[in-house]
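Here is a short walk through a protein structure for someone meeting it for the first time. Have the viewer open and follow along as we go.

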Amino acid sequence: MEELSSEAHQEGGTIKRLITGKLSLADTFWGAYFFGGILFNVVIKALQDANALFIFNMIYAVYILLVCIGVWKAASFYKGKVYWAILAKITAAISIASSLIMLFALPMAIMNT
């Protein structure tokens with residue numbers, strides 16, 4: 001995957017570069033989306049308290065939304081093979097939809113119980 005110039009590495013912090021798509025597609029997708037998601041899911045599986053589980057799921061949903069925005073933007077800047085950018089955008093779109101459902105449906109389900 002493509003390398004960004006050293007000038008791009010100077011623009012703000014890592015989180016800002018992630019969300020604005022200034023990190024490489026590989027770093028954004030595999031680092032933040034894939035491995036970050038695994039870490040969140042390991043913690044979620046270990047939680048026993050319902051309140052902590054709810055809060056952590058909401059934090060995870062927001063995290064995935066922000067990371068998927070970064071994945072989408074990084075895919076738009078990607079200069080490599082076009083199918084990687086397309087697959088990354090498809091994954092981001094599905095994850096965004098899933099996160100939005102979680103953010104709205106999970107609180108509604110808890111309020112109705």
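In which helix is the place of Val 82? Val 82 sits in helix α4, which covers residues 82-111. Before going on, a word on what you're looking at. This is a predicted model, in which local features need pLDDT of at least 70, side-chain atom pairs count only at pLDDT 80 or more, and totals for chains, interfaces and linings use all residues. Residues are numbered from 1 along each chain as its sequence is written, and side-chain values use heavy atoms, with hydrogens and water left out.

Now for the overall layout. The chain has four helices and zero strands, and reading along the sequence gives the pattern α-α-α-α. Helices here are DSSP runs of H or I with at least four residues, strands are runs of E with at least two, and both are numbered from the N terminus. The C-alpha trace spans about 50 × 25 × 20 Å along its principal axes. Of the 113 residues in the chain, 31% are buried. Buried means under 20% relative accessible area, exposed means over 50%, and partly exposed is in between, with a 1.4 Å probe and protein chains only. Accessible areas come from the Shrake-Rupley method with a 1.4 Å probe, and for residues only the protein chains shown count as cover. Among contacts with a separation of 6 or more, 64% join residues 24 or more positions apart; contact means heavy atoms within 4.5 Å.

Back to Val 82. Is Val 82 buried or exposed? Val 82 counts as exposed because its relative accessibility is 59%. Val 82 also belongs to a nonpolar surface patch with Tyr 83, Trp 84, Ile 86, Leu 87, Ile 90 and Ile 94, and together they have about 710 Å² of accessible area. Patches are made of residues with over 30% relative accessible area and no salt bridge, joining like charges within 9 Å and nonpolar side chains (Val, Leu, Ile, Met, Phe, Trp, Tyr) within 5 Å. A salt bridge, in turn, is a side-chain nitrogen of Lys or Arg within 4 Å of a carboxyl oxygen of Asp or Glu.

Next, look at α3, which runs over residues 50-77. This helix has 28 residues and reaches 40 Å from its first C-alpha to its last, close to the 40 Å expected at 1.5 Å a residue. The expected span is 1.5 Å times one less than the number of residues. Ala 50 lies in α3 and counts as exposed because its relative accessibility is 57%. The C-alpha atoms of Ala 50 and Trp 30 are 30 Å apart, though 20 residues separate them along the chain.

Other parts of α3 are covered. Its buried residues include Asn 57, Tyr 60, Ile 64 and Val 67, and the buried residues of α3 pack against α1, α2 and α4. Ile 64 is buried because its relative accessibility is 4%. Leaving aside neighbours within four places in sequence, Ile 64 is in contact with Tyr 33, Ser 95 and Ser 99. Ala 92 is 28 residues from Ile 64 along the chain, with 8.8 Å between their C-alpha atoms.

From the side of α2, Thr 28 is buried, with a relative accessible area of 0%. Not counting residues up to four places away in sequence, Thr 28 touches Leu 18, Leu 23, Tyr 33, Val 67, Gly 70, Val 71 and Ala 74.

Ser 24 is in the loop between α1 (14-19) and α2 (25-46), and it counts as buried because its relative accessibility is 10%. A polar atom of the Ser 24 side chain lies 3.1 Å from the backbone nitrogen of Asp 27. Lys 79 lies in the loop between α3 and α4 and is exposed, at 70% relative accessibility. Lys 79 and Ser 24 are 55 residues apart in sequence and 10.0 Å apart in space, C-alpha to C-alpha.

Notes. A polar contact is a pair of N or O atoms within 3.5 Å; within protein, one must be able to donate a hydrogen and the other to accept it, and residues adjacent in sequence count only if both atoms are side-chain atoms.
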